[in-house]
Amino acid sequence: MRLVSFIQRADVAQHSDGAHTHLVIKPVRYEAFRDALVSLFDQKPAAPQQTHHAQTTPSLSGHVLLAEDNPVNQEIALLMLETLGCSVTVAQNGREAVDQAHTTTYDLILMDCQMPELDGFEATRLIREWEQSN
């Protein structure tokens, strides 16, 4: 899943592999985030859905690692994920995310790209290398 700004959405969509990348436009709306997460867990391409207020929220049961240094973003993402039924562990930076990924199995890792100590790209690379060797 990749969060992109409204302005950059066309450029990112043009250069991404649509079959494996779910784009969510910022500012993130609850329904768009929920639909992207559900489609990731279902391993089906995201299909636009009509939003109805009476619609029940799908329940998920995954364990998520949220790597985010901004306290406001942490709070919003935590609330959204827990509302979906996920259990969430928060890492304050990339180094904490790598350490957490080495000690606990997660169904999904949501990684901020710009964090202190270790950015999201480097943290993801280290996690992937560790996964391949273990």
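Trainee: Leaving aside its neighbours within four places in sequence, which residues is Leu 78 in contact with?

Mentor: This is a predicted model, and in it Leu 78 is found in helix α3. Once neighbours within four places in sequence are left aside, the contacts of Leu 78 are Leu 66, Val 88 and Val 90.

Trainee: How many Å apart in space are Leu 78 and Leu 66, C-alpha to C-alpha?

Mentor: Leu 66 is one of the residues that Leu 78 contacts. In sequence the two leucines are 12 residues apart, and in space their C-alpha atoms are separated by 7.9 Å.

Trainee: Which elements do the buried residues of α2 pack against?

Mentor: Helix α2 covers residues 30-42, and its 13 residues should span 18 Å at 1.5 Å a residue, which agrees with the 18 Å between its end C-alpha atoms. Its buried residues are Phe 33, Arg 34, Asp 35, Ala 36, Leu 37, Val 38, Ser 39 and Leu 40. The elements that these buried residues pack against are β2 (23-26), α3 (71-83) and β5 (108-111).

Trainee: What is the relative accessible area of Arg 34, which forms a salt bridge with Asp 35?

Mentor: Arg 34 and Asp 35 form a salt bridge in which the closest N and O atoms are 3.3 Å apart, and both residues are among those buried in α2. For Arg 34 the burial follows from the cut-off of under 20%, because its relative accessible area is 5%.

Trainee: Why are Arg 125 and Glu 129 separated by about one helical turn?

Mentor: An α-helix has 3.6 residues a turn, so residues three or four places apart point the same way. The side chains of Arg 125 and Glu 129 meet in a salt bridge of 2.4 Å, N to O, and both residues are partly exposed, Arg 125 at 37% and Glu 129 at 41%. They are separated by about one helical turn because, within helix α5 (residues 120-133), their spacing is four residues.

Trainee: Which residues are linked with Arg 125 in a network of salt bridges?

Mentor: The pairing of Arg 125 with Glu 129 belongs to a network of salt bridges. The residues linked with Arg 125 in that network are Glu 122 and Glu 129.

Trainee: What is the N to O distance in the salt bridge of Arg 128 and Glu 131?

Mentor: Arg 128 and Glu 131 lie three residues apart in helix α5, so about one helical turn separates them. Glu 131 is partly exposed at 38% relative accessibility. The side chains of this pair meet in a salt bridge whose N to O distance is 2.8 Å.

Trainee: How many disulfides does a search of the whole structure find?

Mentor: A disulfide is a covalent bond between the sulfur atoms of two cysteines. Cys 86 is buried at 6% relative accessibility, whereas Cys 113 is partly exposed at 34%. For disulfides, the search of the whole structure gives a count of zero.

Key. Residues numbered from 1 in each chain as written. Predicted model: local features only at pLDDT ≥ 70, side-chain atom pairs only at ≥ 80, totals over all residues. Heavy atoms only, no water. Salt bridge = Lys/Arg side-chain N within 4 Å of Asp/Glu carboxyl O. Buried < 20%, exposed > 50% of the residue type's maximum accessible area, 1.4 Å probe, protein only. Helix = DSSP H or I, 4+ residues; strand = E, 2+ residues; numbered from the N terminus. Expected span 1.5 Å × (residues − 1). Contact = heavy atoms within 4.5 Å. Disulfide = S-S within 2.5 Å.
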